[in-house]
Amino acid sequence: MSSEFFLPDPEGQVPSPSGYFGAFGGKFIPEALVAAVDEVAAEYEKAKADPAFAAELDDLLVNYTGRPSALTEVPRFAEHAGGARVFLKREDLNHTGSHKINNVLGQALLTKRMGKTRVIAETGAGQHGVATATACALFGLECTIYMGEVDTKRQALNVARMRMLGAEVIAVKSGSRTLKDAINEAFRDWVANVDRTHYLFGTVAGPHPFPALVRDFHRVIGVEARRQILQRAGRLPDAALACVGGGSNAIGLFHAFLGDEGVRLIGCEPGGHGIETGEHAATLTEGTPGILHGSRSYVLQDEDGQITEPYSISAGLDYPGIGPEHAYLKDTGRAEYRAVTDDEAMRALRLLSQTEGIIPAIESAHALAGALEAGRELGPDGLLLVNLSGRGDKDMDTAARYFGLYDDKGEADVNGAVQPTGEGEK
Amino acid sequence: MAGNVELLNSVLAQARTENRAALVGYLPAGFPTVDGGIRAMTEMLDGGCDIVEVGLPHSDPVLDGPVIQTADDIALRGGIKTVDVIRTVREVHAATGAPVLCMTYWNPVDAYGVERFAADLAEAGGAGCILPDLPVEESEVWRKAAAQHGLATVFVVAPSSRDARLAKITAAGTGFVYAASLMGVTGTRESVGREAQDLVDRTRATTTLPVCVGLGVSNAEQAAEVAQFADGVIVGSAFVKRLLTADGDIDAGLTGVRALAGELAEGVRKRT
């Protein structure tokens, strides 16, 4: 395979043929979806073996997305991270503003290969929805995006972007009205319309083959970053950090470093109002093994296996599950996972904005907060790589309310965004 | 104590002997309350159902439409626990002597403990389980526990299931096969399509197990239509609706449930 940007896992060791990463993964889906999911798996295997697929995807990733994405050193930010050197992998500079486009373009090509004409997707922060709506516009596919009603309010700008791109956006009013419920509703749609519809799943969770397939489309993040940091810093980082909701940008970054034992892999989970309050979405920190959305992984649940409602200021991380490969990396000890609170993330968001002129997504700000802590632990000799998975434009309303940036709060309240519950300076 | 798989088999065989389809009713446990649910299921059986499926309400019912989602929400807000579902099975079976199955998403069973769940369900007099998000490939641990405790494992087949796969599923199943009449979630539908009969025919070609049809059946006319080609007719959302529309008047709801069971029971006997 001579592809430069489409880089399916060359190891081929995990998952197993039935989709297991150790004890995690599998395929827990209704019989009605088995044929469709098997079709996705079979088509993906064919695509991997087809040089034309890699060539078409590479062309899109270079000329449409803008790969490779930059690696930016952030010295003024790093002064607050114990003086360690900090490099950001700039997935925020991709077309549509986040890493999500990597996976979406790959799956959109698969959709065409399968002869399907309609795409559905879930979205939390709206980044996966925007990327999906974008690819559907590009390829002339019908597009329906499911988004929790709470998220349509706190990410109203992205709802408008999706509609501008021609997608139908359905606000989901069941359950906690966030990402998990959007996925439930997308599955219901898929069962009913599977003949002509592909469910363009947005993260490394879900039934096999999605955890491996979505990972493969994001592996480019880590492969590029590893090469870039070796060139720029002359060595591998001491730690690579990424935020984890479902875990797609983190697995994309981590995967290229799995064999580099000296590189710590640190996933930053949404700690919400603090683990001790119970209001968080820190699935690997606080969850237990269970089944959600088609695979076995860690899940936030009660003793009866009912899924508990997560909370995070970040719509993109507000999810009670996690991709099964992360569960595997946690249990094998290869990766470590830490909870970062809303307040820590928001402080990191402002810090990067005001020291480097880069406004990160609230999701990515969790990884930045993790880097501040890791840098202080490592000291001035430390070298950190952080995945800046998305840009913060979409979060300006939430941030403005959090920090009190509007001149007239009443006048600015035009879209009914949820009120932040945190204080700017605690 | 062994579960009641044999009771389930004999009730289905009896319906076949009578040249009619069996009537299977579904309600979630804990809806509108645990005791109200027990009464409603008892009425269903007294009113004409042969078999009842006790739903285990779940926070994330991805295979259910709005009607059962609403009932599940009410049950969960009422604080339903898995042990209450087991109690529902016990009391409904004790009151009626009928076969009582549990229908549940897999995670609550996984969380409760597979062996413990099978043992407790059997001890309560349960006849088996329908596990709609546990595909046959992931089912071995459950099937071992079910067989050991005398419980049926009812698999769902769908119009999208190809013939080779149908054979694999029906070879692993016991009790009966649940044929989903259409591609979609639970809920009442205007009509039951041709694809249901096609699926039943293709399923029968692979097994001697009875084949019961669910999803979308809500009235006597549809029940009679399905009874022409299936061994059983499964009705859920229509029963839930009777309780929902009674809006808290439990006695009115129970009367509605019993009346619907009676109408459907006539329907499944109209074989031409």
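Residues are numbered from 1 along each chain as its sequence is written, and chains are lettered from A and ligands numbered from 1 in the order in which they are written. In this predicted model, local features need pLDDT of at least 70, side-chain atom pairs count only at pLDDT 80 or more, and totals for chains, interfaces and linings use all residues.

The contact between the chains draws 28 residues from chain A and 31 residues from chain B. Two residues are in contact if their C-beta atoms, placed from the backbone, lie within 7 Å. On the side of chain A that touches chain B, two or more residues each come from α1 (31–48), α8 (179–193) and β11 (288–292). Helices (H or I, at least four residues) and strands (E, at least two) are DSSP runs, numbered from the N terminus. The largest share of this side, six residues, belongs to α8(A). By class, the side of chain A holds 13 nonpolar, nine polar and six charged residues. Here Ala, Val, Leu, Ile, Met, Phe, Trp, Tyr, Cys and Pro count as nonpolar, Asp, Glu, Lys and Arg as charged, and the others, Gly among them, as polar.

UniProt annotations mark residues in both chains. Their positions are given in the numbering used here, feature names are shortened, and annotations may be inferred rather than shown by experiment. In chain A, an unreviewed UniProt entry lists Lys100(A) under "modified residue: N6-(pyridoxal phosphate)lysine". Lys100(A) sits in helix α4 (residues 100–113) of chain A. It is buried, with 33 other C-beta atoms within 10 Å. A residue is buried if 20 or more other C-beta atoms lie within 10 Å of its own, exposed if 12 or fewer, and partly exposed in between, with C-beta atoms placed from the backbone. Beyond neighbours within four places in sequence, Lys100(A) contacts Gln127(A), His128(A), Ala131(A) and Gly202(A).

In chain B, the "active site" annotation of an unreviewed UniProt entry covers Glu53(B) and Asp64(B). Glu53(B) belongs to strand β2 (residues 51–55) of chain B. It is buried, with 28 other C-beta atoms within 10 Å. Not counting residues up to four places away in sequence, Glu53(B) touches Val24(B), Tyr26(B), Leu101(B), Met103(B) and Ile130(B). Asp64(B) is in the loop between β2 and α3 (66–77) of chain B. Asp64(B) also counts as buried, because 26 C-beta neighbours lie inside 10 Å.

Ser181(B) and Val213(B) are 32 residues apart in sequence, yet their C-alpha atoms are 6.1 Å apart. Residues up to four places away aside, Ser181(B) touches Val192(B), Gly193(B), Ala196(B), Val213(B), Gly214(B), Leu215(B) and Gly216(B).

Helix α12 (residues 250–267) of chain B packs against helix α2 (residues 34–47) of chain B, where the axes come within 7 Å and cross at roughly 30 degrees. Axes are lines fitted to C-alpha atoms, for helices over the stretch in contact, and angles run from 0 to 180 degrees between N-to-C directions. The two helices are therefore roughly parallel (angles under 35 degrees count as roughly parallel, over 145 as roughly antiparallel, 65 to 115 as roughly perpendicular and the rest as oblique). Residues that meet include Gly36(B) and Arg39(B) from α2(B), and Ile250(B) and Gly253(B) from α12(B). The residues of this contact divide into six nonpolar, four polar and four charged.
Helix α10 (residues 220–227) of chain B also packs with α12(B), at about 35 degrees and with the axes 7 Å apart.

Most residues other than glycine have a negative phi, and most peptide bonds are trans. The bond from Arg67(A) to Pro68(A) is cis, with omega near -5 degrees. The bond from His208(A) to Pro209(A) is cis too, with omega near 15 degrees. Thr96(A), not a glycine, has a positive phi of about 80 degrees. Thr96(A) is buried, with 24 other C-beta atoms within 10 Å. Arg177(A) has a positive phi near 60 degrees. With 19 C-beta neighbours inside 10 Å, Arg177(A) counts as partly exposed.
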